[in-house]
Amino acid sequence: MNIPIIMLHHINNLPGPGLENWSISEEKFILLLNTIEKHGFTTTTFKLLQAHNYQRRAKAIILSFDDCPGALFEFAIPELLKRNMKAVFSIPTAQIGGFNQWDVAEQGFASVTLMNAEQLQYLSSLGMEIASHGQQHLRANKISEQQFVEEITASKKTLEKLLNQKIQTLAYPYGEVPKNYKKLVSQAGYTFGLSIYQWRSNQFALRRIGIHASDTESSLSFKLSRSYQFMRTFFDPILWIKKAIRV
Ligand SMILES: [Zn+2]
């Protein structure tokens, strides 16, 4: 699956302390959507791709939002709806209607309200895909395999009950992919796993493209290109090795 998958968190002109690296401004978000349209992409979701047996009519792209800040309803979601665009939203289910407790407790970041049950149901009714982001946004490499399985199983169940439909996609918190992920994630009933940097991108650990405040129209265009995807197939393993040496 070599569809570009964009990773976003907060769309906010004035992000709180600590969240700057995980936020882009409203203007940058508009630039991203304009660039996507300019290059002739159509937004889709994992659910839609699977429903259509991976047959695509057009050049496809997936927009994914991690953590589900409630503030996305103020600007980003209305903008997506205006353009008839789809997206995938992943939520840590223990914090539905809560806040980014993991950012606050672990790193002292600003607290933001996350989407509540009604907002998730509303997004789902619009054809947006809701994905699991675990229950408590834990680091897969810091918890036992058993706890990881509990996190992804319980969060799936919570969302399926809330939305009355099958949940197929898991976004790994922090993009941390545990050992044996293919077995664990598929046995839990997922079809897709979303990582960030990935040695080898595959359906249970898909590479994603981060968008930053420093991105320009030309860097965004490049990030949507095949050359960029090709570059990542070399770049991501180097990052992995660097990370492994640091650990
Ligand atoms: Zn997250």
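Here is a quick briefing on the fold, the zinc site and the salt bridges of this protein chain. You're looking at a predicted model, so keep that in mind throughout. The chain has nine helices and 10 strands, and a zinc ion is held by Asp67, His133 and His137. Salt bridges come to 11 in total.

**Overall shape**

- The protein chain runs to 247 residues, and its radius of gyration is 17 Å; a compact globule of that length would come out near 18 Å, so the two agree.
- Laid along its principal axes, the C-alpha trace spans about 45 × 40 × 40 Å.
- Buried residues account for 49% of the 247.
- If you take contacts with a separation of 6 or more, 65% of them are between residues 24 or more positions apart.

**The zinc site**

- The protein donors are the OD of Asp67, the NE2 of His133 and the NE2 of His137, and they lie 2.1 to 2.2 Å from the zinc ion.
- Read along the chain, the donors follow the spacing D-x65-H-x3-H.
- Asp67 sits in the loop between strand E5 (60-66) and helix H3 (76-82), while His137 sits in the loop between E7 and H6; the two are 70 residues apart, and the pair links distant parts of the chain.
- Are Asp67 and His137 buried or exposed? Both are buried, with His137 counting as such because its relative accessibility is 5%, which is under the 20% cut-off.

**Two residues with positive phi**

- His137 turns up again here: its phi is near 60 degrees, a positive value in a residue that isn't glycine.
- Cys68 also has a phi near 60 degrees, and again this is a residue other than glycine.
- You'll find Cys68 in the loop between E5 and H3, where it is buried, with a relative accessible area of 0%.

**Salt bridges**

- Arg83 and Glu79 meet through their side chains in a salt bridge, at 2.9 Å from N to O. Glu79 is buried, at 7% relative accessible area.
- Arg139 pairs with Glu106, and their closest N and O atoms are 3.1 Å apart.
- Arg232 and Asp236 form another salt bridge, with 2.6 Å between the closest N and O atoms. Both residues are in helix H9 (residues 226-246), and they are about one helical turn apart because four residues separate them along the helix. Arg232 and Asp236 are both buried.
- There is also a network: Glu37, Glu79, Lys82 and Arg83 are joined by salt bridges that share partners.

Technical notes
Residues are numbered from 1 along each chain as its sequence is written. This is a predicted model: local features need pLDDT of at least 70, side-chain atom pairs count only at pLDDT 80 or more; totals for chains, interfaces and linings use all residues. Side-chain values use heavy atoms; hydrogens and water are left out. A salt bridge is a side-chain nitrogen of Lys or Arg within 4 Å of a carboxyl oxygen of Asp or Glu. Buried means under 20% relative accessible area, exposed over 50%, partly exposed in between (1.4 Å probe, protein chains only). Donors are N, O and S atoms within 2.8 Å of the metal (3.2 Å for Na, K and Ca); water is not among the atoms, so sites may look incomplete. The radius of gyration is taken over C-alpha atoms; the globule rule is 2.2 Å times the number of residues to the power 0.38. Contact means heavy atoms within 4.5 Å.
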